[in-house]
Amino acid sequence: DKYPESKESSIVLQRLGESFEGLLEMEYQRRIKNNEPEPLVRKQFLEKYGSYNCWENTPAGLAYNRSHFKTILEKYPDSPITDEAAYHMIKWEPKYHGRPEGVLRELKQLQEIFEKYPTTSFRPMILYQMAHRCSILYEIYSFSPAAAVRNPQKAQEYREKALFLYQLSLKSPEHTKYSEKSWKEMEQLQKGERI
């Protein structure tokens, strides 16, 4: 607020967005995972942090509205961290319910970021996330109990894409936790194990 024209504004917005995501995880999601009643946790969280005015009520519970990441994309499109803001804007599905639509939506958003920011520092993570979703699509199209969803041709196509993307993830110059995940899931896929 004090230095709105600072060259560091986009980085500050990025850190604020990450802080709000972390706050939500630590003070809301973690408590619910520990079997505290969601209505009580929500009430206490909003009493304590509601003044930040960046929370959304969704069917899945409270969520951060990602306003700081939106501001980076709108106001600072040439910032060196625009790729990170774009990644934080992905709408992740809480559950797929055995349907491919949500997975395909996430995969499309990941591909768009990768195409727009090919040198992103998030490259290993994005490659892994894309490979993981292709593996999920392979399983959905292979093993769905709904005959209308099963599609052996699509299953094979996504299996091949998953293997290719896992291998790309492993070729990243730096070793990351996503390299380890890629290696493990690629081995599972090659052995015919399901994730």
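Author: To begin with the cysteines, the structure, which is a predicted model, holds zero disulfides.

Reader: What makes Cys54 and Cys134 count as buried?

Author: Buried means under 20% relative accessible area. Cys54 has 1% relative accessibility, so Cys54 counts as buried, and Cys134, at 2%, therefore counts as buried too.

Reader: Why is the pair of Phe20 and Tyr52 called edge-to-face?

Author: Ring centres have to lie within 6.5 Å for a pair, and planes over 60 degrees apart count as edge-to-face. The centres of Phe20 and Tyr52 are 5.0 Å apart and their planes stand at 65°, so the pair is edge-to-face. This pair links distant parts of the chain, with Phe20 in helix H1 and Tyr52 in the loop between helix H2 and S1, 32 residues apart.

Reader: How do you know whether Phe20 is buried or exposed, and what is Tyr52 called?

Author: The relative accessible area of Phe20 is 9%, which is under 20%, so Phe20 is buried. Tyr52 has 45% relative accessibility, which lies between 20% and 50%, so Tyr52 counts as partly exposed.

Reader: What makes Phe45 and Trp55 an aromatic pair?

Author: Their ring centres are 4.9 Å apart, and because the limit is 6.5 Å they pair; the angle of 75° between the planes is over 60 degrees, so this pair is edge-to-face. Phe45 belongs to helix H2 and Trp55 to strand S1, ten residues apart. Both residues are buried, since Phe45 has 2% relative accessibility and Trp55 has a relative accessible area of 14%. Phe20, Phe45, Tyr52 and Trp55 are among the members of one aromatic cluster, which also includes Tyr28 and Phe69.

Reader: Why are strands S1 and S2 said to pair?

Author: Two strands pair if there are at least two bridges between them, and S1 (residues 55–58) and S2 (residues 61–64) have four bridges, so they pair, in the antiparallel sense. A hairpin of two residues joins S1 to S2, and Thr58 stands opposite Gly61 in S2.

Reader: How do you know that Ser182 is buried, and what does Ser182 touch?

Author: Ser182, found in helix H8, has a relative accessible area of 0%, and because this is under 20%, Ser182 is buried. Leaving aside residues up to four places away in sequence, Ser182 touches Tyr128, Tyr166, Ser169 and Leu170. Of these, Tyr166 is one of the residues that touch the most other members of the largest nonpolar core, which has 32 residues.

How values were computed. Residues are numbered from 1 along each chain as its sequence is written. This is a predicted model: local features need pLDDT of at least 70, side-chain atom pairs count only at pLDDT 80 or more; totals for chains, interfaces and linings use all residues. Side-chain values use heavy atoms; hydrogens and water are left out. A nonpolar core is a set of buried Ala, Val, Leu, Ile, Met, Phe, Trp, Tyr and Cys residues joined through side-chain atoms within 4.5 Å. Buried means under 20% relative accessible area, exposed over 50%, partly exposed in between (1.4 Å probe, protein chains only). Contact means heavy atoms within 4.5 Å. A disulfide is a pair of cysteine sulfur atoms within 2.5 Å. Rings of Phe, Tyr and Trp (its six-membered ring) pair if their centres lie within 6.5 Å; planes under 30 degrees apart count as stacked, over 60 as edge-to-face and the rest as tilted.
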